[in-house]
Amino acid sequence: IAKARGKKVIIETPNPASFPQLGQFVAAMREVASETNSGLIDQYQMLNSHMSQTGKTLYDICPDGVHPSDEVYAMKGNYAAGIFMLIYQMIGM
């Protein structure tokens, strides 16, 4: 519906969380973004890379296993803003 009305669709993956099927859900989101030529903000990948690079665990970034800490919410916001700027530049606005 959004694309039919001339809108740019941007899909944002969730942050890592303690849900066993989350990886499959993220893979499906990536596939949909690719198949529909939609923008993608891959928070899942960015935060998994962050954990790998820093040695942090899921519970370091999401104390309850689901919701990010304030620091990680800010990190997610900054990451999304950077991707929005790239998309904005690509579509020439």
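A salt bridge is defined here as a side-chain nitrogen of Lys or Arg within 4 Å of a carboxyl oxygen of Asp or Glu. The views below show a predicted model, in which local features need pLDDT of at least 70 and side-chain atom pairs count only at pLDDT 80 or more, while totals for chains, interfaces and linings use all residues. Residues are numbered from 1 along each chain as its sequence is written, and side-chain values use heavy atoms, with hydrogens and water left out.

**View 1. The salt bridge between Asp42 and Arg30.** The structure holds 1 salt bridge. Its partners are Asp42 and Arg30, with the closest N and O atoms 2.7 Å apart. The pair links distant parts of the chain, 12 residues apart: Asp42 lies in the loop between S2 and H2, and Arg30 in helix H1. Helices (H or I, at least four residues) and strands (E, at least two) are DSSP runs, numbered from the N terminus. Asp42 is buried at a relative accessible area of 12%, whereas Arg30 is partly exposed at 28%. Buried denotes under 20% relative accessible area, exposed over 50%, and partly exposed in between (1.4 Å probe, protein chains only).

**View 2. Helix H1 and its buried side.** Leu22, Val26, Met29 and Ala33 are the buried residues shown in H1. They cover an arc of only 55° around the axis and therefore lie on the same side of H1; the arc is that of the directions from the helix axis to the C-beta atoms. Gln24, Ser34 and Glu35 are exposed on the other side of H1. The cover over the buried residues of H1 includes S1, S2 and H2.

View 3. Met29 has a relative accessibility of 15% and so counts as buried. Apart from neighbours within four places in sequence, Met29 is in contact (heavy atoms within 4.5 Å) with Ile11, Glu12, Thr13 and Pro14.

**View 4. Helix H4, residues 70–90.** The buried residues of H4 are Val72, Lys76, Ala80, Ile83 and Ile87. Seen down the axis of H4, these residues fall within an arc of 70° and so line one face of the helix. They pack against strands S1 (10–12) and S2 (39–41) and helices H2 (43–54) and H3 (58–61). The face turned away from the buried side of H4 carries the exposed residues Asp70, Glu71, Asn78 and Gln89.

Technical notes. Expected span 1.5 Å × (residues − 1).
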